[in-house]
Structures are given as structure tokens and as C-alpha cells.
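Please study the sequence and the three-dimensional model shown here.

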Amino acid sequence: VAQAKISDIVLEGNEKTKDHVIMRELTFGPGDYLDFSQLYKDLNKVLMLGFFDEINYSIEETENDDEVNLVIELKEVKTGSADFGAGYSSKNGLFGYVDISDSNFLGNGQRANIFFEIGKGTRSYRLGFYEPYLLKDGTSFGFNIYNEHDSIEKAYADVEEKITGTEHVLGGDLSIGRPLGEYTRGSLTLRAESHSFSGDIDQREEPFKLL
């Protein structure tokens, strides 16, 4: 039986996900011979992205007997979420938060998230982003930025009552990753934080940095 060449690859059902996000997971393209073993492996990689819960394919004949069209049918899942909530703690009293994230941001296969929390004794902001294909070879890049303000109290030997105040943390991290194999990756993460204090505890605690 003669092998057939792929004339075209047709994607169906990916209303949100951009075509290039799917195509970059395939190790073949138009003009290559159709290899079903490799097709199954590549479609499994597309499924592992987490953007689809079902993937099927079909073969369409063309005007040329030695060429076929490969039709890949995809069923997308929801990748975005938005959480809103409120609560109460004995330490900080009433607080509320907003948490919005998407693992397929704008259909480009990127991860993005934003978190905001505010209360009587606390305030936090967090922003994160991850690009899995910064370069065509699969080099990834990501970052997280956060700014947190939290009420604290500490006991000291020379005073009877605990000293209160606010700890301010400004920090973030950068990560770079590379594929080491078909199903493995290696990554390097650099993190930095700056801690400062306000209120009565400012007289007791010195600002410091973590790198």
C-alpha cells in the first residue's frame, strides 16, 4: 500500500484557540507522508495542553490519488475562571478578594492571572504571566509580581505587650525553561523580595531583602 502525502491540515472546532498553538505541537505538515503512529503521538501532545477534552481526526481524499487532507476535529473546554469572595478572620476582620485566571489567554496558549485581596489589616496584589513558546524551540518564559501588606504583631523580651504594625512585601520571580525530552522540561527560577515595616513595629524591625 502506497503512503499518502498530506496536502493540507484542516482544524475544526477551535473557536478560541489559535491555529498556531495547535500546529506547533505537530511534527509534520503539508508535504509530509502521513504517519499514523506519529499522528497519535502528536494529537496526544495537543490533548495534554489542557485546552481540549476531545480530539478526533478524519482523512479526506483529494483530486490527487497520492495526497489527502487531514482534518483534526477539536472540542474545547473552558480555560478561564473568575472567583469573587468575602470572608472574616479574627486577625484581619472582614476581607474580600478577586481572582481571575486563564490558562489559554486570548487563545494563544499563554497563562495569565491576577489576584486582588483587601481587608482591614491586609492588602495584596498579584500578577502572573507564562509564555510556553518564547522561542520556536520550546523555550518558555514566565514572571510573577506581587505586593502584599499584612498586619503583624510580635512579642519582645523588653516589653510586656506585643508590638503591632504592618509588613510590606514587594517581590517577584522570573523563570526560563527548556524541553529536555519529549515529555520533560527543565527550568530556572530567580526570585527577589523586599521587606519593610510601618507602624509601631517599624522601630523594632529592620528592612531586608531576599534574593
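Two strands are said to pair if DSSP finds at least two bridges between them. Helices (H or I, at least four residues) and strands (E, at least two) are DSSP runs, numbered from the N terminus. This is a predicted model, in which local features need pLDDT of at least 70 and side-chain atom pairs count only at pLDDT 80 or more, while totals for chains, interfaces and linings use all residues. Residues are numbered from 1 along each chain as its sequence is written, and side-chain values use heavy atoms, with hydrogens and water left out.

**The eight-stranded sheet**

Eight strands form an open sheet with antiparallel pairing, in the order β4-β5-β6-β7-β8-β9-β10-β11. Its edges are β4 (80-89) and β11 (208-210); each has a single partner strand, so one side of each is left without a neighbour in the sheet. From one strand to the next, the twist averages 10 degrees; such angles run from 0 to 180 degrees between N-to-C directions, and the axes are lines fitted to C-alpha atoms, for helices over the stretch in contact.

| Strand pair | Bridges | Residues standing opposite each other |
|---|---|---|
| β4 and β5 (residues 93-105) | 10 bridges | Ala 82 and Ile 100 |
| β5 and β6 (residues 110-119) | nine bridges | Asp 99 and Phe 115 |
| β6 and β7 | eight bridges | Ile 118 and Arg 123 |

β5 and β6 form a hairpin with four residues between them, whereas the hairpin that joins β6 to β7 runs through two residues.

Most residues other than glycine have a negative phi. Leu 106 is found in the loop between β5 and β6 and is exposed, with a relative accessible area of 55%. Here, exposed means over 50% relative accessible area, buried means under 20%, and partly exposed lies in between (1.4 Å probe, protein chains only).

Ser 124 belongs to strand β7 (residues 122-131). Is Ser 124 buried or exposed? Its relative accessibility is 5%, so Ser 124 counts as buried. Leaving aside residues up to four places away in sequence, Ser 124 touches Phe 115, Phe 116, Glu 117, Asn 147 and Glu 148; a contact means heavy atoms within 4.5 Å.

β2 and β3 run antiparallel and are joined by nine bridges. Within this pair, Leu 70 in β3 is the bridge partner of Ile 59.

Helix α2 (residues 36-47) has 12 residues and reaches 16 Å from its first C-alpha to its last, close to the 16 Å expected at 1.5 Å a residue. The expected span is 1.5 Å times one less than the number of residues in the helix. Which residues of α2 are buried? They are Leu 39, Asp 42, Leu 43, Lys 45 and Val 46. These residues cover an arc of only 150 degrees around the axis, which puts them on the same side of α2; the arc is that of the directions from the helix axis to the C-beta atoms. Among the elements that cover the buried residues of α2 are α1 (19-23), β2 (52-61) and β3 (67-76).

At the start of α2, a side-chain oxygen of Asp 35 comes to within 3.0 Å of the backbone nitrogen of Ser 37.

How values were computed. A polar contact is a pair of N or O atoms within 3.5 Å; within protein, one must be able to donate a hydrogen and the other to accept it, and residues adjacent in sequence count only if both atoms are side-chain atoms.
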